[in-house]
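Look at the structure below and keep it in view while reading. The text takes up a pocket and then a set of strands.

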Amino acid sequence: MNSNGEKTLIIGAAGFVGVHLMTCLSAEGRNVSATKLSQETIDSDIAVYDLDILDADAVRTLFEDVNPGCVFHLAAQSSVALSWKEPALTVDINIKGAVHVLEAARAMKHPARVLLIGSSEEYGAVRPEQLPVDEETPLRPGNIYAATKAAQDMLGAVYANAYGMDVLMIRAFNHIGPGQSPMFAVSDFCRQVARIESGLQEPIIRVGNLSAKRDFTDVRDVVRAYSLLSQRGEGGTAYNVGSGCSVSIQSILDIILAQAKADIRVERDETRFRPADVPVVEADTKRLRETTGWRPEIPVSETIADALAWWRMYCRDDRIGIDGRDI
Ligand code: A2R
């Protein structure tokens, strides 16, 4: 796989993970192209195409033009909260969009290897005796986003089995790092700290459920796992990508507060509690490790330092009016 010169296409490259994946693959010397929505921007030297994955003809035409050997499909409606409000849109983007990608690959003379990026949310409320959760654990999605990602995963398996296509189903556990949307807890805490340090917020950090334990990995380690799987993974197979250790949100918050340059009070905010929060999520990563030799390398303290630095820069730019976006 990935012989020299083979083209690699990242679909949905303007998102949180896409930006890091572009950096990783380019540094590895791979011949990378990327897609984004027309209203998004990507600051990079690589070839970037505008693509809405809801447009099946556009996806097929792009695959004909680029002729990729390997495709990372990241484009998604990735918010659980929005999936409750916009179920049909989420189904369209995450399921129909994935089918458009799979069909475009199938129509190629030499169908590309496709990595469908899914989520640990597909497993739903895992029982304590099922931890750490391995890839054979039944998928019992508990929200609409999770159901669409489970459907994507199942469709990937169907295309691999029925058509002999080279499709890998990736189930990514929580990833954190610079550039993440504040709809995720760790990024939200870092943003609040940066805003407090800049005088944009009173010195109170508002938090939801701190006792939940999650399997966190730095996004830069995550994309390195994706790259390794694209080279060494087996088609038709599902792979968990996670650290294999769960830590409480409280302990991550403690690390964030220890790095804060201000005295901050922590306050519970009932609106930040999710209705059916699963107490512990932890990945069994044996398959990933044995297939690729991958191990996470970036300690959580470094991830937090980089995420805080990103938000400090963002808040500074915000204060001086370089960029007034409210993300
Ligand atoms: O929703 P936006 O405007 O942020 O754009 C997202 C984009 N996207 C689309 N791209 C093409 N056609 C569409 N119809 C479409 N709808 C949305 O996909 C965004 O730029 C990108 C997904 O990036 P994020 O939302 O930042 O997700 P992240 O954290 O990078 O996760 C990557 C993948 C997703 O499939 C997650 O569901 C999975 O990893 O965990």
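**A pocket and a strand**

The lining of the second largest pocket consists of nine nonpolar, three polar and three charged residues. This is a predicted model, in which local features need pLDDT of at least 70, side-chain atom pairs count only at pLDDT 80 or more, and totals for chains, interfaces and linings use all residues. Residues are numbered from 1 along each chain as its sequence is written.

A pocket is an open set of points on a 1 Å grid over the protein atoms alone, where a 1.4 Å probe fits, with protein on both sides within 12 Å along at least five of seven lines; lining residues have an atom within 4 Å of a point. Ala, Val, Leu, Ile, Met, Phe, Trp, Tyr, Cys and Pro count as nonpolar, Asp, Glu, Lys and Arg as charged, and the others, Gly among them, as polar.

The volume of this second largest pocket is about 210 Å³, a volume being the space filled by probe spheres set on the points. Of its 15 lining residues, Phe 216, Thr 217, Ser 243, Ile 298 and Val 300 are the closest to the centre. Strand 10 (217-218) and helix 10 (300-319) each give at least two residues to the lining; helices (H or I, at least four residues) and strands (E, at least two) are DSSP runs, numbered from the N terminus.

Strand 2 (residues 31-36) is largely enclosed by the rest of the structure, because five of its six residues are buried, meaning under 20% relative accessible area with a 1.4 Å probe, protein chains only. Strand 1 (residues 7-11) pairs with strand 2 in the parallel sense over four bridges, where pairing requires at least two DSSP bridges.

Methods. Heavy atoms only, no water. Buried < 20%, exposed > 50% of the residue type's maximum accessible area, 1.4 Å probe, protein only.
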